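Thanks for coming, everyone. I'll keep this short. Please look at the screen.

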Amino acid sequence: MTRAAPVPSVHPVDEVPPTGRMVAFGLQHVLSMYAGIIAVPLVLASAINLPPDQVVRIVNASFFMCGVATLIQTLGFPGFGAKLPIVQGTTFAALASMILIGRDYGLPGIYGAVIVAGLFTVLLAPYFSRLLRFFPPVVAGTVITLIGISLMPVAIRWAGGGNPAAETFGAPANLGLAALTMLFVLLVTRFARGFWSRVAVLLGLVFGTVVAAIFGQASFGTVGTAALVGFTPPFFFGFPTFALIPILSMILVMLVVMVETTADLLAIGEIVEKPVSADDVTAGLRADGLSTALGGIFNVFPFTAFAQNVGLVRFTGIKSRFVVAAAGVILMLLGFFPKLGALVASIPLPVLGGAGLVLFGTVAAAGIQTLARVNMADTRNLTIVAVSIALGVIPSTVPTLYEKLPDWAGLFLESGITAGAIAAILLNILFHIVGSDRAQLSSTADTAAHAPEVGDLH
């Protein structure tokens, strides 16, 4: 009697769930991150006085291109895409630079700089990924923790109503709606089983929106006025213009984005328990660059991995990249059907805030889990974590601290994730690489001991 050949196991990242579940899980990703997609074009439009019809065009284009970028990152093709469950969205890191460019050069100037900076990222990716050896567990864990901590104020503002300057910010109705949504998500997670527990966030968003509608806190008026079908064609705002200063400014932005994307790749690799190699980082950064260059053609802005969706992967335990690819397809459809986009955008911010507090907290918890495997009895490691987190929380706790610094300095310091990541990298070099042979040997031994658990970081 011969034994049947063993069926090769498939990593959870590469599993393909049934279609119905894949769509539901993908929709959950979309609803968790839509606010981040529309926020960048809305803030930019306000700053450079774009008319409402142009804003609608950019928002529709943003949904479509976020879907394209997500498919490039999750499904990939040779040399491009990390093939991990990562949702791509427009980055806030570019916002300040784009406002300055837009005021002097208009939208064509922004898109010209975005195209060149995206191509620059594609070319630089193989060289940048060699820096992965500077992300040992003490650095990776610190950065992952900071990602979660930096996102929490966003959820808190959502819970209060979105705009701290508004009279209704922090109103009992907003806080009650956020608390009710969070409680619903927790109860479904605790008592539901199987599929239903996995879509706890989706159910919480639907439940919170229904409750808000009953009490008059949700408005669906934009759904009725939005067009049924629409698409923003390439170069809708004119052919891009290419000026040196805007291009250099946007390249600097993309260097910051590459640091953040590398941190997100390490975070998702840790969560899905799949080693992240230098080649994976190269492919992921190339996907960022290609999507950004295409974004300049299709009237949108630079892309990066969305950290809030990293939290969703952690919270639900759904590791399949094909689920996130389904989210990409949904995003593309939202770009073709403005009514769908308007419906998604009708979810009240307090509802998002209630769910966001759970999601973003799980990202910080993942970082703490990684740091738990680091030797904290070593004062050097303790110092790296302490100083990096201290610098990383400044932008969210005292956002005006760096206002008087030059714009180029603010680009690095006003993002807590970027500031903390750079600090952790530099401190790790100072304490574990520069100096005595003993420090180098200790660092190498410590990193080697942990490397199998957190991915190929060398």
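I'll start with a helix, then go through a few single residues.

First, a caution: this is a predicted model.

Let's begin with helix H9. It covers residues 244–272, which is 29 residues. From the first C-alpha to the last, H9 reaches 41 Å. At 1.5 Å a residue, 42 Å would be expected, so the two values are close. Is H9 enclosed by the rest of the structure or open? Of its 29 residues, 23 are buried, so H9 is largely enclosed by the rest of the structure.

Now look just past the end of H9. Glu-273 sits there, with a positive phi of about 60°. As background, most residues other than glycine have a negative phi.

Where else do we find a positive phi in a residue other than glycine? Take Phe-235, with phi near 55°. Phe-235 is in the loop between helix H8, residues 221–225, and H9. Its relative accessibility is 33%, so Phe-235 counts as partly exposed.

Lys-83 is another case. Its phi is also positive, near 55°. With a relative accessible area of 36%, Lys-83 is partly exposed.

Last stop: Leu-382. This residue lies in helix H15, residues 379–392. Buried or partly exposed? At 45% relative accessibility, Leu-382 counts as partly exposed. Now pair Leu-382 with Val-276. They are 106 residues apart along the chain, and their C-alpha atoms are separated by 25 Å.

That's my tour. Over to you.

Note on methods: Residues are numbered from 1 along each chain as its sequence is written. This is a predicted model: local features need pLDDT of at least 70, side-chain atom pairs count only at pLDDT 80 or more; totals for chains, interfaces and linings use all residues. Side-chain values use heavy atoms; hydrogens and water are left out. Helices (H or I, at least four residues) and strands (E, at least two) are DSSP runs, numbered from the N terminus. Buried means under 20% relative accessible area, exposed over 50%, partly exposed in between (1.4 Å probe, protein chains only).
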